[in-house]
Amino acid sequence: MPDKYKNFADLAQHEDAGIDYQVRVRRARPAFAIIAPHGGGIEPGTSEIADGIAAATHSFYAFDGLKAKKNSDLHITSTHFDEPLCEQLLTTSAVVVTLHGEQSEDGEGVFLGGLDDSLGEQIGTALTEQGFDVRVHPNPNLQGREKTNVCNRGTSGAGVQLELSRSVRETLFESLSAEGRKHPTRRFTEFVTAVRTVLDSRSASNVRAAGRS
């Protein structure tokens, strides 16, 4: 289904900030930005997962749908996502990791995409070790390989896209309702810890390499 709005300016003309949607940004180290461009009620659970991965170490951004219904109206596809605060964060973040909620019927699991194949492989291995079913999305258009995809618009030009099927997201929270998402499960902790451990390790390696140069 095509997006209702072609870009953020179009959306902002018809939806009210603070009522229909909100933007949250937390800046930290420039190495990684963890972004949920379809958070809140748009793709439920993705904001909370991104926030958990970022913690106090990595930058965090979420565009949250707040509507009582029809939050899907607020979906702007990742290749067109141009909310200004997100755009600003991208200019100061080396690598972007985006969190999405897989909406189609193309299977269950965690779908790995983006152009940073090395980091993606590390994250995929860490999640597989925690028992998550990690695979590449069967639809080439949903693999996050476009240079204009928000996951690839950090300063390195390559990032990672993680799309979680609804069934996977349901295991991470008491439920995917607004109230249920306030109560993460043990699987939530296992997921965010696996991803964050990889990012922290990569950050530490970069610091050591810089120290030797």
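Good morning. In the protein chain, buried residues make up 48% of the 213 residues; buried means under 20% relative accessible area, with a 1.4 Å probe and protein chains only as cover. Please note that this is a predicted model, in which local features need pLDDT of at least 70, side-chain atom pairs count only at pLDDT 80 or more, and totals for chains, interfaces and linings use all residues. Residues are numbered from 1 along each chain as its sequence is written, and side-chain values use heavy atoms, leaving out hydrogens and water.

The predictor's confidence in each residue, pLDDT, runs from 0 to 100. Its mean for the protein chain is 93, and 94% of the residues reach 70 or more.

The protein chain has six helices and seven strands. These are DSSP runs, numbered from the N terminus: helices are H or I with at least four residues, strands are E with at least two.

Let us turn to strand S2, residues 29-40.

Which strands pair with S2? Strand S3, residues 58-65, pairs with S2 in the parallel sense over seven bridges; pairing requires that DSSP finds at least two bridges between the strands. Within this pair, Ala-33 stands opposite Ser-59. Strand S4, residues 95-102, also pairs with S2 in the parallel sense, over four bridges, and here Ile-35 stands opposite Thr-98.

Thank you for your attention.

Terms used:
Buried < 20%, exposed > 50% of the residue type's maximum accessible area, 1.4 Å probe, protein only.
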